[in-house]
Amino acid sequence: MTHKKQTLGEFIIENQSSFQYSSGELSSLLNSIRLAAKVVNHEVNKAGLVDIIGAAGDTNIQGEDQQKLDVYANDKFIQTLTKRNIVCGIASEEEDDFVAINSQDENHQNKYVVLIDPLDGSSNIDVNVSVGTIFSIYRRVTPVGTPVQLEDFLQKGSEQVAAGYVVYGTSTMLVYTTGDGVNGFTLNPAIGSFYLSHPDMQFPEDGNIYSVNEGNYIHFPQGVKNYIKYCQEEEEDRPYTSRYIGSLVSDFHRNMIKGGIYLYPQSSKNPNGKLRLLYECNPMAFLAEQANGKSSDGFTRTMDVEPTELHQRVPFICGSKNMVEKAEEFMRNAK
Ligand code: AHG
Ligand code: MN
Ligand code: MN
């Protein structure tokens, strides 16, 4: 029996009505992310060729400076998101401050803000290992038609209206939620379309993979150290398997499919951890909860953390529900 797979474009339109503010604007916004993802994918996939086909020096054939891929990805996402009159502001890992859109035009109706990590895991680019893009979408809280403000970006994760990631891996996938479950789409590069390949993704409640940069063990809080030792103990279902790519998107994606836990804890060197609340942890937390998983800093639900600055960092523990709860138990007991 042949079974026609739904494209991402079809899926976005068909599911538009289940979104509480279904006006077509969010669909259009998701479509611009879909478009930028394809453009960035194309560039990521020829990363190894840059030295071979790149023009001499640091400039390309049009005389533009050859850019690092994370700057390239940042520019492409910002350009694409700016074109349609939907987004009033963008915050990005690559921008010190947020970018305001149409702030001089009093008639604009742009309602959404987008926060992005344009290229996550970028240290993996040079070694041909998977990288990703993470995005998070909110409705602005200040009045439409006025210039976007910092407070439009500093919303709690629980206010997100959509979030997702693109993983540029052995295949390229776009995975997202609008608060009604998580769906994954795989790019067919020959055709240039994403197809629904992973409907209704769910974290298994339990798992046997733990993902943490164990090189930092000595600097971890006692609760995390104890949990890592627990993962390594000889028991019926343990020791667990250790898998760490060093690219949050890829580590999360694997754990969601196979069952596992990702930890980037605070350390004596980085008291708030490394990962950024607004464009790394919150979107992943939204996806995790929508996929029956869990996310916290060890004590507080990630999406309940009150943001105070754009590039704020938080400790991050995320994955299969029972595993995250076990890690939280170790954190509480070590206090
Ligand atoms: P980015 O490339 O956007 O700066 O993010 C890298 C992040 C995350 O993707 C990854 O899980 C983590 O940094 C790895 O950090 P360590 O190398 O310290 O383990
Ligand atoms: Mn990142
Ligand atoms: Mn990045």
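Modeller: Happy to! One definition to begin with: helices (H or I, at least four residues) and strands (E, at least two) are DSSP runs, numbered from the N terminus. This is a predicted model, where local features need pLDDT of at least 70 and side-chain atom pairs count only at pLDDT 80 or more, while totals for chains, interfaces and linings use all residues. Residues are numbered from 1 along each chain as its sequence is written, chains are lettered from A and ligands numbered from 1 in the order in which they are written, and side-chain values use heavy atoms, with hydrogens and water left out.

Biologist: Thanks. Where is Pro 239 placed?

Modeller: Pro 239 is in the loop between α6 (222-232) and β10 (241-242). A cis peptide bond joins Arg 238 and Pro 239, with omega about 5 degrees.

Biologist: And what about phi of Asn 128?

Modeller: Asn 128 has a phi near 60 degrees, a positive value in a residue other than glycine. Asn 128 is in the loop between β3 and β4. For background, most residues other than glycine have a negative phi, and most peptide bonds are trans.

Biologist: OK, metals now. What coordinates the manganese ion (ligand 2)?

Modeller: Asp 117 (OD), Asp 120 (OD) and Glu 280 (OE) coordinate the manganese ion (ligand 2), at 1.9 to 2.2 Å. Asp 120 lies in strand β3 and Glu 280 in helix α8 (residues 277-290), so the pair ties together parts that are 160 residues apart in sequence. Donors here are N, O and S atoms within 2.8 Å of the metal (3.2 Å for Na, K and Ca); water is not among the atoms, so sites may look incomplete.

Biologist: And which residues coordinate the manganese ion (ligand 3)?

Modeller: Those are Glu 93 (OE), Asp 117 (OD) and Leu 119 (O), at 2.2 Å. Glu 93 lies in the loop between β1 and β2 (99-100) and Leu 119 in strand β3, so that pair ties together parts that are 26 residues apart in sequence.

Biologist: Which residue bridges the two ions, and how far apart do they lie?

Modeller: Asp 117 bridges the manganese ion (ligand 2) and the manganese ion (ligand 3), which lie 3.8 Å apart.

Biologist: Switching topic: what are the domains?

Modeller: The assignment gives domain 1 (8-198) and domain 2 (209-333); such bounds come from an automatic or database domain assignment. The C-alpha centres of the two domains lie 24 Å apart.

Biologist: How many residues are in contact there?

Modeller: 47 residues of domain 1 are in contact (heavy atoms within 4.5 Å) with 31 residues of domain 2. About 2700 Å² is buried between domain 1 and domain 2, and carbon and sulfur atoms give 66% of that area. Buried area is the accessible area (1.4 Å probe) that two parts lose on being put together, summed over both.

Biologist: How many salt bridges are counted between domain 1 and domain 2?

Modeller: The count is one salt bridge, meaning a side-chain nitrogen of Lys or Arg within 4 Å of a carboxyl oxygen of Asp or Glu. Arg 276 forms a salt bridge with Glu 93, with the closest N and O atoms 3.4 Å apart.
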